[in-house]
Amino acid sequence: MSRKFKVVIALLVGLAAVGLVVAGPVGAKVEDDTIVFGAALSFTGKYSTNGKHTKNGYDLVVKRINETGGVKVGDKSYKIKIKYYDDESTPARAGQLADRLIKQDGIKFILGPYGSGPTKGMAPITEKYKIPMVEGNGASRSLFNKGYRYLFAVLSTSEQYLAEAIAVAAEQAKKAGKDPSSIKVAIAVENDPFSMDIRAGVLEDAERYGMKVIIDDKLPKELTDMTATLTKVKALKPDVLVVSGHSKGATLAIRQTAQMKVDVPILAITHCEAADVVGKFGANADYTLCATQWAPTMTYKDRWFVSSGEYAKTFEKEYGYVPPYQAAESSAAVLVWVDALERANSFDTEKLRDTLAATKLETFYGWVDFDDTGKNIAKPMVLRQIQKGKYVPVAPAKFAAGKVIYPRPKWSER
Amino acid sequence: MESLQILFTAPIFSLQLLIDGILIGAIFALAAYGMALVWGVMKIINFAQGELVILGGFIVFSLNKAGLNAFLCIPLAAVAMFVVGWLLYHIVIVRIVEKDLFISILATFGIAILLQQLMNQVFGADVQVVESELGTWFLFDGNVTVVQIKVVSFFIALMLGVCLAFFMKKTRLGQAIRATAQDARAARILGVNTNKVYATTFGLNGAVCGAAGGLVVMTWVVQPYAGLAYTIRSFMIVIVAGIGNVAGVVFAGLGLGAAENFAGFILGTEFQAAFVFSLLVVILVCRNFKLRLQRSYLK
């Protein structure tokens, strides 16, 4: 290659680079009459089921808003749409995609990914570019002790998931004329940030009542078997057994307590619906207490979906299944954005951040009110008990649709 | 140490742990047997072992969902997985057999990732189970429970192990496999089609994993990303037992199951894996020490 030729090529490359910089991002934050949100979701990889729920939750709101006149900012009504990428269920990829959404696509309104891990991957990036992110699926409390200013979460943080189960145990002890401190608690949670938060919440509440924690097992991530823990439960006979290990933990807990006939008055777990324990195990799943962020039976109201029940109906009509809370909280995240855009009356990200921080909004999903760290402090977790294959809200009292059946009947009596 | 006290004050729970551990160990041993076979014959450490087990589980799950009896699905899954193993050999393994060990580790690791993603696409990321419709036996006032499916799994695993050992000893193909394991070049000179032997060996490994997967989905759960635990356990069992030692693999499998259960009970589940791997190091150090004491000379 001659030297002249090389110089020409170098010049051309240089020109192209300048051209790219001048042209700026391909997509803009607002295209004509459409506001574009950006989201990296898990379409492949281990979170793909919940990634789908998240997308359905987002899309349902987009459809509803666009059908009912759009978002009013200034004097103009805007339609909304979402630009999606696949984060492959990995936090690092979610971080890269946040960068791409903001820098290359020029998007100024970010919706959260699925799960605490990917959210942790994205938050530093949105923070760096000072672009607000409203998320509905990152519950780990480690997201909210880093001083992030641009992160807002509509869901209850993970330490609240099963704390209510301790309250239920204390209440039942009082009813039986016993001191709550006589209650013995067993904890078996996966060794990951989400479940360790749950453990922290349960430990705090148990300590408050003076209860004794007699089993405190941390299940490995490659969990395949809970025999050792359950044998310990059989030997020490605790009053409450708390299990958290995503769908795998929920499935193993129900299957193996039934197989090994482990009798414990209260069994409280997470991810009942995600693991479809009722569909898998039928009557063996009965009397289990399940933590949930939201349920269609709740009585919240809003101007978009009218009520929780109506939301569930709309969702089921559109996608053919009852919305799990993962979908509902995703929908709520979009609603919070819509509300903030209308109140701020501007597309200025700094102004939007402040408006988001001042949010006080009732949605079909629950009240949203962010504290200084960006987490929602206005919506409690709900505990439901599986009774004859149905999820019945039993605590806190405000949402209870039925009474908790205590203790779980012994296996020999079923 | 409180947990250790329980075992002394109520020794009945030791029995529970021991029974469960041994029954669990049989399933590990089955998967490990496949790994030992491939390792011994082809000098390949198959890091996709766990994924083959999980795939077998998913096949049983799908067939069962289609209305077939769960136990009938196991041989079907084994046959299907034999084909999968045979195909995998002809597509990938044939290119790495008799190459550097490192290359085989990389290639099988790649297969593992590919299988995970494929299973995720085809079967979804959800955790799945198959109900065996079997119950539980109560012993000692219900203090010891014996889960029937685990007992059945134990005997199926043992039976398969015995069948395989018989196959290797008595059939022409088994003999050819053993000959190839001893010296592939010499076997070729004597007219053994080593390519066919390798394909069959990998297919057999697939079949064994398929059966193990069927037992796993009936006893515990399967999920596209849950394979690693079975790969690691198989690897460990083979290391302890030594390649080409069927009885060793079975005993190491049962021992590992029991050791894991006791460690989980006494130390807590977070130390379960750590304990087992520490045990592996101790066994290797002891073995090395014993070997050094042996006098070496040129034969």
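I started inside chain A, where the side chains of A:Arg141 and A:Glu204 meet in a salt bridge, 3.8 Å from N to O. I count a salt bridge when a side-chain nitrogen of Lys or Arg is within 4 Å of a carboxyl oxygen of Asp or Glu.

A note on the ground rules: this is a predicted model, in which local features need pLDDT of at least 70 and side-chain atom pairs count only at pLDDT 80 or more, while totals for chains, interfaces and linings use all residues. Residues are numbered from 1 along each chain as its sequence is written, chains are lettered from A and ligands numbered from 1 in the order written, and side-chain values use heavy atoms, leaving out hydrogens and water.

**Domains of chain A**

I looked up the division of chain A and found domain 1 (30-156 + 297-369) and domain 2 (160-292 + 382-413); such bounds come from an automatic or database domain assignment. Taken over C-alpha atoms, the centres of the two domains are 31 Å apart. Where they meet, 12 residues of domain 1 are in contact with 13 residues of domain 2, contact meaning heavy atoms within 4.5 Å. I noted two salt bridges between these domains. The side of domain 1 that touches domain 2 has five nonpolar, five polar and two charged residues. In this sorting, Ala, Val, Leu, Ile, Met, Phe, Trp, Tyr, Cys and Pro are nonpolar, Asp, Glu, Lys and Arg are charged, and the others, Gly among them, are polar.

**Chain B against chain A**

Next I turned to the two chains: 45 residues of chain B are in contact with 34 residues of chain A. Together they bury about 3,100 Å², with 57% of it on carbon and sulfur atoms; this is the accessible area (1.4 Å probe) that two parts lose on being put together, summed over both. I found two salt bridges between chain B and chain A. A:Arg255 forms a salt bridge with B:Glu131, with 3.5 Å between the closest N and O atoms.

**The disulfide**

Last, I searched all chains for disulfides (cysteine sulfur atoms within 2.5 Å) and found one. A:Cys272 and A:Cys290 form this disulfide, with their sulfur atoms 2.0 Å apart. The torsion about their S-S bond is about -85 degrees, so the disulfide is left-handed.
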